[in-house]
Structures are given as structure tokens and as C-alpha cells.
Amino acid sequence: MTLFTRIAETQREPVSFSLDGRSATALAGDTVLTAVLTQADSLRLSEFSGKPRAGFCLIGACQDCWMRTEDGQPLRACSTEIQAGMRLLTAVSGARNG
Amino acid sequence: MDEPRIVIVGAGPAGVRAAEVLVAAGLRPVVVDENQRAGGQVYRQPPAGFVRSKKQLYGFESAKADALHRTFNKLRSYINYLPETLVWNCDGRQLDLLGRGQHQSLPYSHLMLCTGAIDRVLPFPGWLLPGVYTLGAAQVALKAQGCVIGSRIVLAGSGPLLYLLAYQYAKAGADIAAVLDTSSFSSKLQATFDLLKQPLAFAKGLYFLAWLRCHGVKVVEGVEKIAVKGEQKVETISWHKDGREQTLECDAVASGFGLRSETQLADLAGCAFEFSQLNQQWLPQRDQAGRSSVEGVYLAGDGGGIAGADAAELAGRRAALALLEDLGQTIDAGESRRLDRALQRIQGFRRGLERAFPTPVEWARECADEEIICRCEEITAGELRHAVDHAGTVEMNRLKALTRVGMGRCQGRVCSAAAAEILACSTGKSLAEIGRLRGQPPIKPMPVAAGAAASLIRETS
């Protein structure tokens, strides 16, 4: 299942990354948010209700899209570009910083 | 006299035009911007390697977008440009920056705040579900990433962006299931006189609406009680029209009710604020030219009150002229008068937009107690009302202290408009009377390690 649908700019170079332990492919220039939501339904779980979240404003204002890498690094998905080899997790609360 | 140290925050239409005027006067400003590339939100540029033309990206506004980008490219060697850099604090004529993992402090003699705006958000049942975004978010997904937010999309809310986005999405091939407008046809009709002050902008609005109708996009005006349902993500949206409930299947919803200025840095810079009836928001005071109440601090663009991209370009130029005048330079008085007149015409149009697309007045009264107002910490309308009923809260900062609303990661950017409406409605006071949330550094979250390094540098320097 996915949330976002690509409708343009699909000729970019592929970028390999890992999503919840599975290998996945994004396109160069994708944000982490785009990379994840074109192949999954959410970015993280709310640390309050445990329910899934998938970002909201996409301009770095609402802070709803902080997610985690496997080694615990927090990153704001809407304003971080996907990099080859990133290992991202969706099934954790990604909001707390530091 | 020492060289002035001028810092412009924001590289959107206001910031770029301000920089242009200052460079033309022989100055070298620093331009700090959180985005990767200049253009702001409205003229946001996709990352390198994207191939759509500016016409495809910006439509009717492509010439303006292109002109702004070209101007900025020419300015690059005459300014100090810090992209991907967050200004997280402003304290005693110094900014604290975090860019690409590096902390630095940046003292200034003159500060030009061009901080822009975000969508005005009003919560509705289901607004936390994956698949619900702001109108601005849906636009960024398309413009900067070549994506749409779902395969069957509903746009709901109010304001000109609702129709612009519907047009952009439908034209790009997205399936728009419906456009749900909470404002009525009659409110738009009553606003025609003011809207005609910007005939071209008015004509574009009519064109978008006509285009949508011609292409069979369902447009419903005068909608109430929007609610989204779904288990793990959006599955349906329902609304009331003339007392009857209707439901549509969809997998994504974009919603917004106009825009709100980003004012946190003006607050930390010590600017005095006043309540703006037009914007329904507390805004930093400024004179016609863009001078704030603090000497050497200027405001331009949507960050000082919503007026749109064309006004932002004019206001950036105007505020830069004011800055030059304050430095003792002789400025072209004809040019500043021309800018003032153009800005006044746009203000008239803006009044018309507010009448055409009013914020739903019944929202706070109808919002259910279990509705979550704060996305960050999931604080409900009922908790806010409880603080009024049991603690006698009548002021926003008190409400924050008691309930934590506005204390989460977004620092109230998303929730404060709705929380203020709830507090005003529950106390019977006006938005002006209940006050505003005070800004707190850091104005956006940053990794703890970077903050620790910052305090270390300060202590040892």
C-alpha cells in the first residue's frame, strides 16, 4: 500500500535504501517522505496514541514527519533528501529528538 | 561608522527582492534560508535533475517565478547565502543558526524578516489520519516532488488556494473526487467589489473555477461539518450541505483555511505585536514601509501579514528602501511612493478575499470535546475547555501552561489558531482579548547534540 502517487519526473536515477529491513528503491531528489510514502502508508507511530502518522505540512513547519533510522538518528522526512544506503524504520515513534 | 551587518531571513519573493535592492546600493547582505534552493514556497524549485518546465511548475505565474529565480542567481556572488539553514533563535542582535549539522552565531545590525506563512488549519474528525495534508503540502508534493497525495483526492476548506490547487492537481492528471468549500457563493458575490481591485487575480480565480466545472470536477460550496474516516488511513469523507449529509470514498484529503504568518523570530527579536482583524492573528507592528517597533528590524512578505507573492516582492523592495534610508542613504522617493500605492491596492483585494472566504465562525462551538486540537501531543478540545471551566483560564499562555497546547514540537504553529478559537468561544472573549502564545527558542526542534554544542560555544567564547 502507498499514499503518494508519482505523476511526473519519473526518469531520475534510482536510489537504493532500506525500509523496515526490506530493500526499497527511491529516485534521486526524493525527500525521505516521498521515498517512504510512495511505498508505505505511514512514516512513524505517534508516541501518544501509537497510531500511524504520515506528515502533514511538507514545509518543515508542523514537525509531524520526524522518523528514525535503524541506528536511532532522528530525521525530518519532508526536508531530508533520501541517500543511498539509508536504513529507515516506520514502526517506531520517530518524534523525540536527540 | 562600521559596515552594517544586514541579515535577511528567507529567500522567497520578499527576501530575494530585498536582497536585490540592497546589493544595488552596494551592500552585501547575508541571506539565510531553510530551503535547499531559493524561491520560497510559492516559487519553490524542485531539486536538481527534475525536468518539468517552469510553465508546467508555476502555470500563470511562471514568468514571475523565472524572473525571481534569475534575479537570485545573479545576486549569488554579491551576497552571503546560507541555504538549508534554520534560524532557531534571535537574542540581543544575534541569530543562532543550524545549517547542515553546523552551528553558528550571526550578529546583525539590521535584520529583514521574510519568514513567510503556513496553512491556517482547523481540525475536523479524522484529521490525524495518514492521507490528510494541508493544501500547501499537497502543492509542494506536486511542485517539488512530482507526486500527488493519493489516487482519489478531496480538497476541503476555504481560500483561493483551494481552487488553485484543484486546478493544478486536475491538470496534472490527479483524480479530484470533490472540492468542498466552506464558504458560500453569496459571500464571494458580496466581495466582488474589493476583488475587482486586482482584476487579473480575480479573473484567474474565475478561470480556475470555470475550468474545474468544465472538466467535470465536483465543486460544492457552503459545506459544513467535514469529517474523515478510516482505520489506518483515509477511506471516506463526509460533509453536510443544506442540512443533508453526503459521503464520498477517497484515499487522501488536503485541507486549509487560508494562511497564517510565521512570526516567531519577530517575537524573539523583541517586536511589539498587535491583533490584526483582517488576518485574525497577532502580528508584529510595522509601518507602511515595513519597519517593526524595534530599530533595525524590518518585516516583508507574508511573515508580517498575508498579502501573497506579488505583494511580497513589492514589500521586500519597500522594506529594503526603508533600511537604506535608515542608513542615511538617499532613496528614490518616487519609487517608494509607487511601491506604497501598489501595496495598498493589494490590501484592498486581500480584504475582498477575507469576505469571500471567511473562516467558519461556527467551528469552535461545534468542535466536539474528543476532537484532537494539538497534533504533537494529542490534546483535545475537551481538555482545553476543562482548563477554562475549572481553572478560569482566559489567556493563551495560561492555557498552554495548564494543558501543554502549543508546547509540542511545532510550537503552536499548527494548533494555536484552533486553540485560540476554542479559548475565545469558551470564555466569550475575542481573539484579541485572549492574547497570543509567546515565542520560545528553539523555534523548531533540532538534534540535542547540536544544541549542546551551541551552548558550549557560547560559554567558552
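Within strand S17 of chain B, Val253(B) is the bridge partner of Val132(B). The model is predicted, so that local features need pLDDT of at least 70 and side-chain atom pairs count only at pLDDT 80 or more, while totals for chains, interfaces and linings use all residues. Residues are numbered from 1 along each chain as its sequence is written, and chains are lettered from A and ligands numbered from 1 in the order in which they are written.

Strand S9 (residues 132-134) of chain B pairs with S17(B) in the parallel sense through 3 bridges; helices (H or I, at least four residues) and strands (E, at least two) are DSSP runs numbered from the N terminus, and two strands pair if DSSP finds at least two bridges between them. Tyr133(B) has Ala254(B) as its bridge partner in S17(B). Strand S11 (residues 153-158) of chain B also runs parallel to S17(B), to which 6 bridges join it. Here Val154(B) stands opposite Val253(B), the residue that is also the bridge partner of Val132(B). These strands belong to an open sheet of 5 strands with parallel pairing, in the order S9-S17-S11-S12-S13 (chain B). Its edge strands, each pairing on one side only, are S9 and strand S13 (219-221) of chain B. From one strand to the next the twist averages 20 degrees, where axes are lines fitted to C-alpha atoms, for helices over the stretch in contact, and angles run from 0 to 180 degrees between N-to-C directions.

Strand S17 (residues 252-257) of chain B is mostly covered, with 6 of its 6 residues buried. A residue is buried if 20 or more other C-beta atoms lie within 10 Å of its own, exposed if 12 or fewer, and partly exposed in between, with C-beta atoms placed from the backbone. In a regular strand the side chains alternate between the two faces of the sheet. In S17(B), Ala252(B), Ala254(B) and Gly256(B) point one way, Val253(B), Ser255(B) and Phe257(B) point the other way, and all are buried. Helix H4 (residues 135-145) of chain B lies across S9, S11 and S17 of chain B and runs at about 125 degrees to S17(B); two residues are in contact if their C-beta atoms, placed from the backbone, lie within 7 Å.

Two helix pairs of chain B are described next. The axes of helix H1 (residues 13-24) of chain B and helix H10 (residues 309-326) of chain B come within 7 Å and cross at roughly 35 degrees. This crossing of H1(B) and H10(B) is right-handed, the near helix being turned clockwise from the far one by less than a right angle (left-handed if anticlockwise). The contact includes Pro13(B), Ala14(B) and Val21(B) of H1(B) and, among others, Ala312(B), Gly316(B) and Ala319(B) of H10(B). Its residues divide into 12 nonpolar, 2 polar and 3 charged; Ala, Val, Leu, Ile, Met, Phe, Trp, Tyr, Cys and Pro count as nonpolar, Asp, Glu, Lys and Arg as charged, and the others, Gly among them, as polar.

Helix H13 (residues 381-391) of chain B packs on helix H15 (residues 416-427) of chain B at an angle of about 40 degrees, with the axes 10 Å apart. H13(B) and H15(B) are therefore oblique to each other (angles under 35 degrees count as roughly parallel, over 145 as roughly antiparallel, 65 to 115 as roughly perpendicular and the rest as oblique). The crossing of H13(B) and H15(B) is right-handed. Ala381(B), Leu384(B), Arg385(B) and Val388(B) of H13(B) meet Ala419(B), Ile422(B), Leu423(B), Ser426(B) and Thr427(B) of H15(B), a contact of 6 nonpolar, 2 polar and 1 charged residues.

Most residues other than glycine have a negative phi, and most peptide bonds are trans. The peptide bond from Pro441(B) to Pro442(B) is cis, with omega near -10 degrees; Pro442(B) is in the loop between H15 and helix H16 (448-460) of chain B. Glu84(B), not a glycine, has a positive phi of about 50 degrees. Glu84(B) lies in the loop between strand S3 (80-82) and strand S4 (85-90) of chain B and is partly exposed, with 17 other C-beta atoms within 10 Å. Arg404(B), also not a glycine, has a positive phi of about 75 degrees and is in the loop between helix H14 (396-403) and H15 of chain B.

Between the chains, 36 residues of chain A are in contact with 44 residues of chain B. Strand S1 (5-6) and strand S5 (52-53) of chain A each supply at least two residues of the side that touches chain B. That side of chain A has 16 nonpolar, 12 polar and 8 charged residues. S1(A) runs antiparallel to strand S10 (residues 147-148) of chain B, joined by 2 bridges, and Thr5(A) has Val148(B) as its bridge partner in S10(B).
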